[in-house]
Amino acid sequence: MPHKFTAIATSLLLAPAALFAQDTASQTNQISMSQAIEAAQGSIDGGVLEAEIETEGDALVYEIDLVRGDAVYEVTVNAATGEVLSQSEEELTSFLSGLFQEDELRAAGDSREMLMKALAELEGQEGTQIEELSLDEEDDRMVYEVELTDASGEREVLIDASTGEITNDD
């Protein structure tokens, strides 16, 4: 009887550690946001409007909205392999034209290099994972609002679309 209790107690103590190890392993088998954006831009040469990681079926994928000229494309990238799974042109009528204003479309195209440098800086910090980013206007300037997880937990930062400067989102 004591052996049965010991086995159960050991299982209960080790279960959280096993779940943590599994979660950590899945994150290490995942490409970064900047790698996903590069894969998407290899498919559609455009500037980034939005990007996020999400679960689609049983797989983690990055959904990335790119702009090229007046056209907006959604590109889906496998988060484990970096393979482009799909791409489609989004119609900029009614709903979407309200979401993406002309300044955002222009800023996304102009900010490509600055965004990638800033993402590389953020992802270069130990344990940092970018979950989502979106281009928006704040205080009369275009910024990427970035949601990330790092050693301090979940937080948001801003990347100035024209300078690449990273600041805390207050």
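This is a predicted model: local features need pLDDT of at least 70, side-chain atom pairs count only at pLDDT 80 or more; totals for chains, interfaces and linings use all residues.
Let's begin with the strands. Eight of them form an open sheet in the order β4-β3-β2-β1-β5-β6-β7-β8, and the pairing is antiparallel. At the edges stand β4 (84-90) and β8 (166-168); each has a single partner strand, so one side of each is left without a neighbour in the sheet. Direction ignored, neighbouring strands of this sheet are turned by 25 degrees against each other on average.

| Strand pair | Bridges | Residues standing opposite |
|---|---|---|
| β1 (residues 47-56) and β2 | nine bridges | T55 and L60 |
| β2 and β3 (residues 71-78) | eight bridges | V67 and V72 |
| β7 (residues 153-160) and β8 | three bridges | I159 and I166 |

Strand β2 (residues 59-68) is mostly covered, with seven of its 10 residues buried. A hairpin links β1 to β2 with two residues between the strands, and there G57 takes a positive phi near 70 degrees. The hairpin of β2 and β3 also has two residues between its strands. In that turn, G69 has a positive phi of about 65 degrees.

Now for the helices. Helix α2 (residues 33-43) packs against helix α5 (residues 112-123) at an angle of about 150 degrees, and their axes are 9 Å apart. Because of that angle, α2 counts as roughly antiparallel to α5. On the α2 side the contact involves M33, S34, I37, E38 and Q41, which meet R112, M116, L119 and E123 of α5.

Which strands does α2 touch? Helix α2 packs on the sheet against β1, β2, β3, β4 and β5 (129-138), and its direction makes about 55 degrees with that of β2. Helix α5 packs on the sheet too, touching β1, β5, β6, β7 and β8. The direction of α5 makes about 150 degrees with that of β7.

**A closer look at D150**

D150 lies in strand β6 (residues 141-150). Is D150 buried or exposed? The relative accessible area of D150 is 13%, and because the cut-off for buried is under 20%, D150 counts as buried. Leaving out residues up to four places away in sequence, D150 touches G127, T128 and R155. With R155 there is also a polar contact: the side chains of D150 and R155 are joined at 2.6 Å.

How values were computed
Residues are numbered from 1 along each chain as its sequence is written. Side-chain values use heavy atoms; hydrogens and water are left out. Buried means under 20% relative accessible area, exposed over 50%, partly exposed in between (1.4 Å probe, protein chains only). Helices (H or I, at least four residues) and strands (E, at least two) are DSSP runs, numbered from the N terminus. Two strands pair if DSSP finds at least two bridges between them. Axes are lines fitted to C-alpha atoms, for helices over the stretch in contact, and angles run from 0 to 180 degrees between N-to-C directions. Angles under 35 degrees count as roughly parallel, over 145 as roughly antiparallel, 65 to 115 as roughly perpendicular and the rest as oblique. Contact means heavy atoms within 4.5 Å. A polar contact is a pair of N or O atoms within 3.5 Å; within protein, one must be able to donate a hydrogen and the other to accept it, and residues adjacent in sequence count only if both atoms are side-chain atoms.
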